[in-house]
Structures are given as structure tokens and as C-alpha cells.
Amino acid sequence: MNKANLIKNELIKVGKEVFLADGSWVSTPFFAVIQQKWKETKTNFEPKITEIGEVSADYFVYVGPYDHDIEALSDNALLLFGDEKYIFKKKERVVIGGVTQYYWGILRRVWGEDDD
């Protein structure tokens, strides 16, 4: 059962316009859901100031369309939304009936140029 186009159309309705960037390559805009991931026992809402600068433990769940293969991206790739940048901590393809339906992942917000 192939629901990939239906899922993509729903992402257009409920998602945010984002871009993927990997090196000098930047994708065309597309729609994906980015939702903050809440921990059951502890949640960090504010960035922490450390010796090396401002850091955050803000993690987000990503759900994106079948035609933007996040698994093909390098470990240095970014998801761009407005002025915000995210790195992928986990990337997975969801396959049903041998057909990719969508991609999901875990993102971490990047707060500065040297954030790792």
C-alpha cells in the first residue's frame, strides 16, 4: 500500500517550509514537520552557557517526504528553517510494501558556527 504522496500532501498542510544543506548543495524548499521532543524526566528549555559558548540540548522529531532522502546526506548536513539550523542525530527511512513512504529523524538545534 503506497501512501507516500498522501503523506507528502499532508506535510504540505501541516509542515514547515525547510531546506536541506550538505556542503555547498542546498535543496529546493519542501515541507516537513519539526516537533520539539520532550523528555519524560527532564526537559531543557533554555540554552546553557559553558566555557566554549552557548549550547542547548534541544532535540526535535523530523518527519519529511519520501522524495527527500535524508539517509543520503553526510553527517555534516543541516536542515534549515528560517534562521534556525539543525543537525541530524538519527535518520531513518520508513518502508511499507517495499516502497519508501516517508523519512523520520531526530534533530538537534545548532546554536553557533562551531556547535558540535
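This dialogue walks through a predicted model, feature by feature.

Visitor: Where do I start? Which elements does the protein have, and in what order?

Guide: Start with the element count. This model is predicted. The protein has one helix and nine strands. Along the sequence the pattern is α-β-β-β-β-β-β-β-β-β.

Visitor: How many residues are there, and what share is buried?

Guide: The protein has 116 residues, and 29% of them count as buried.

Visitor: What share of the contacts joins residues at least 24 apart?

Guide: Take contacts between residues at least 6 apart in sequence. Of these, 54% join residues at least 24 apart.

Visitor: Show me one case at the start of the chain. Where does Gly15 lie?

Guide: Gly15 is in the loop between helix H1 (4–14) and strand S1 (16–22). Leave aside neighbours within four places in sequence. Gly15 is then in contact with Phe31, Ala32 and Val33. Val63 is 48 residues from Gly15 in sequence, yet their C-alpha atoms are 8.8 Å apart.

Visitor: Now the strands. How many bridges join S1 to S7, and how do the two strands run?

Guide: Look for the bridges, then the direction. Three bridges join S1 to strand S7 (residues 78–81), and the two run antiparallel.

Visitor: How many bridges join S7 to S8?

Guide: Four, and this pair also runs antiparallel. Here Leu80 stands opposite Lys85 in S8. S7 and S8 form a hairpin with two residues between the strands. In that hairpin Gly82 takes a positive phi near 60°.

Visitor: How do I read the side chains along a strand?

Guide: In a regular strand, side chains alternate between the two faces of the sheet. Keep that in mind for the aromatic pairs.

Visitor: How many aromatic pairs does the structure hold?

Guide: Two. Phe60 and Tyr86 form one of them, with centres 5.2 Å apart and 80° between the planes, which is edge-to-face. Phe60 is in strand S6 (residues 59–65) and Tyr86 in strand S8 (residues 84–96), 26 residues apart.

Visitor: Why does Phe60 count as buried? And Tyr86?

Guide: The cut-off is under 20% relative accessible area. Phe60 counts as buried because its relative accessibility is 6%. Tyr86 counts as buried because its value is 2%.

Visitor: Why is the pair of Tyr62 and Phe88 edge-to-face?

Guide: Check the angle between the planes; edge-to-face needs over 60 degrees. The planes of Tyr62 and Phe88 meet at 85°, so the pair is edge-to-face, with ring centres 5.4 Å apart. Tyr62 lies in S6 and Phe88 in S8, so this pair ties together parts 26 residues apart in sequence. Both residues are buried.

Visitor: Which residues touch the most other members of the largest nonpolar core?

Guide: That core has 15 residues, and those touching the most other members are Leu20, Ile34, Tyr62, Ile70, Leu79, Phe88 and Leu107. S1, strand S3 (30–36), S6, S8 and strand S9 (99–110) each give two or more residues to it. S3 gives the most, with three.

Visitor: What does Tyr62 touch?

Guide: Not counting residues up to four places away, its contacts include Phe30, Ala32, Val33, Ile70, Leu79, Phe88 and Leu107.

Visitor: On to charges. How many salt bridges does the structure hold?

Guide: Six. One joins Arg93 and Asp69, at 3.4 Å from N to O. Arg93 lies in strand S8 and Asp69 in the loop between S6 and S7, so the bridge ties parts 24 residues apart in sequence. Arg93 also forms a salt bridge with Glu71, with the closest N and O atoms 3.0 Å apart. Glu71 lies in the loop between S6 and S7 as well, so this pair ties together parts 22 residues apart.

Visitor: Are these residues buried or partly exposed?

Guide: Partly exposed: Arg93 has a relative accessible area of 33%, Asp69 stands at 30% and Glu71 at 36%.

Visitor: What about Arg109 and Glu84?

Guide: They form a salt bridge, the closest N and O atoms being 3.8 Å apart. Arg109 is in strand S9 and Glu84 in strand S8, 25 residues apart. Arg109 counts as buried at 16% relative accessibility, whereas Glu84 is partly exposed at 29%.

Terms used
Residues numbered from 1 in each chain as written. Predicted model: local features only at pLDDT ≥ 70, side-chain atom pairs only at ≥ 80, totals over all residues. Heavy atoms only, no water. Buried < 20%, exposed > 50% of the residue type's maximum accessible area, 1.4 Å probe, protein only. Contact = heavy atoms within 4.5 Å. Phe/Tyr/Trp six-rings, centres within 6.5 Å; stacked < 30°, edge-to-face > 60°. Pairing = 2+ DSSP bridges. Core = buried A, V, L, I, M, F, W, Y, C linked by side-chain atoms within 4.5 Å. Salt bridge = Lys/Arg side-chain N within 4 Å of Asp/Glu carboxyl O.
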